[in-house]
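Dear colleague,

Please find below the structure that I am handing over to you. My findings follow it, and I would ask you to read them with the structure open.

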Amino acid sequence: MAKIVPPMNFGLVEDGFYRSAQPAEINFTFLDKLALRSVIWVGAEEPSDVFQTFLDSQGITLHNLAPRASLNPHFPPPYNDTGVVPFSGQYHLPPLPPPPEPLIIHALTLLLQPATFPALVCCNMGRHRTGTVVGCWRKLERWALSSILEEYRRYAGMKVRVLNEQFIELFDTDLVSFPPNAKAVKA
């Protein structure tokens with residue numbers, strides 16, 4: 001009997017809408033059970049070849065929203081010391097910026113289309129970029145900010161990024177245009 005193991009940081013956002021880190025081969029049996037139609041990749045890097053091959057073999061549409069050039073200024077680390085501040089013999093990098101606003105708007109627009117569901121939103125670790133998309137989705141649902149940030153923190157753990165929380169708080173939901181056949185957003 002095959003083991004059924006969910007991906008790291010897996011969670012149910014709502015019926016037919018899931019979130020997680022990038023699934024590994026051990027998670028594929030679990031993903032089969034979800035009968036996914038789409039995966040929305042919001043990572044700063046490209047999804048792995050193994051994951052893309054799995055999606056192709058299952059007929060799952062990959063919406064790859066990864067930037068063509070890495071937006072993560074720390075990956076790969078720069079060779080020079082520009083912007084790196086030495087402190088007690090260690091190097092401290094400036095905080096990572098939140099995901100770009102157009103990426104969030106594109107992901108939310110895809111999530112409003114019924115043809116996208118059931119869908120999985122994921123990034124490399126399923127914390128920050130995925131959490132920001134889910135947080136902005138919760139704003140569309142008119143959740144209280146305290147509840148949105150509590151959910152973000154639950155998945156981010158000790159690696160909470162204040163700039164992502166600020167992005168969620170200040171995100172203008174009017175930037176998301178609802179298509180005529182939009183999925184009903186619970187308010």
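Serine 177 is exposed, because its relative accessible area of 52% is over the 50% cut-off. Please bear in mind that the model is a predicted one. Serine 177 sits in the segment after helix 6. Its C-alpha lies 7.1 Å from that of threonine 109, although 68 residues separate serine 177 and threonine 109 in sequence.

Strand 7

Strand 7 covers residues 119-123, and five of its five residues are buried, so the strand is largely enclosed by the rest of the structure. In a regular strand the side chains alternate between the two faces of the sheet. Which residues of strand 7 are buried on each side? Ala119, Val121 and Cys123 are buried on one side, and Leu120 and Cys122 on the other, so that both faces are covered.

Strand 7 has pairing partners as well. With strand 2 it pairs in the parallel sense, over five bridges. Here serine 20 has cysteine 122 of strand 7 as its bridge partner. Strand 3, residues 38-41, also runs parallel to strand 7, and four bridges join the two. In this pairing, tryptophan 41 stands opposite cysteine 122.

Glutamine 22

Glutamine 22 belongs to the loop between strand 2 and helix 1. Is glutamine 22 buried or exposed? Its relative accessibility is 17%, and because buried means under 20%, glutamine 22 counts as buried. Leaving aside residues up to four places away in sequence, glutamine 22 touches Trp41, Pro47, Ser48, Phe51, Cys122, Cys123 and Asn124. With serine 48 there is a polar approach: a polar atom of the glutamine 22 side chain lies 2.6 Å from the backbone nitrogen of serine 48.

Helix 5

Helix 5 runs over residues 145-156. Its twelve residues reach 16 Å from the first C-alpha to the last, close to the 16 Å expected at 1.5 Å a residue. Ile148, Leu149, Glu151, Tyr152, Tyr155 and Ala156 are the buried residues of this helix. They cover an arc of only 155° around the axis, which puts them on the same side of helix 5. The face turned away from that buried side carries the exposed residues Ser146 and Arg154.

What do the buried residues of helix 5 pack against? Their partners are strand 1 (11-14), strand 2 (17-21), helix 4 (128-140) and helix 6 (162-170). Just after helix 5 comes glycine 157, which takes a positive phi of about 60°.

Salt bridges

How many salt bridges does the structure hold? There are four.

- Glutamate 151 and arginine 138 form a salt bridge in which the closest N and O atoms are 2.9 Å apart. Glutamate 151 lies in helix 5 and arginine 138 in helix 4, so the pair ties together parts that are 13 residues apart in sequence. Glutamate 151 counts as buried at 7% relative accessibility, and arginine 138 counts as buried at 4%.
- Arginine 154 forms a salt bridge with glutamate 150, with 2.7 Å between the closest N and O atoms. Both residues lie in helix 5, four residues apart, which is about one turn of the helix. Glutamate 150 counts as partly exposed, at 41% relative accessibility.
- Glutamate 165 and arginine 153 meet through their side chains in a salt bridge of 2.5 Å, N to O. This pair links distant parts of the chain, since glutamate 165 is in helix 6 and arginine 153 is in helix 5, twelve residues apart. Glutamate 165 is buried, with a relative accessible area of 9%, whereas arginine 153 is partly exposed, with a relative accessible area of 42%.

Finally, salt bridges that share partners join Arg138, Glu141 and Glu151 into one network.

You may then turn to helix 5 and the elements against which its buried residues pack, including helix 4 and helix 6.

Yours sincerely,

A colleague

Key:
Residues are numbered from 1 along each chain as its sequence is written. This is a predicted model: local features need pLDDT of at least 70, side-chain atom pairs count only at pLDDT 80 or more; totals for chains, interfaces and linings use all residues. Side-chain values use heavy atoms; hydrogens and water are left out. The expected span of a helix is 1.5 Å times one less than its number of residues. Buried means under 20% relative accessible area, exposed over 50%, partly exposed in between (1.4 Å probe, protein chains only). The arc is that of the directions from the helix axis to the C-beta atoms. Contact means heavy atoms within 4.5 Å. Two strands pair if DSSP finds at least two bridges between them. A polar contact is a pair of N or O atoms within 3.5 Å; within protein, one must be able to donate a hydrogen and the other to accept it, and residues adjacent in sequence count only if both atoms are side-chain atoms.
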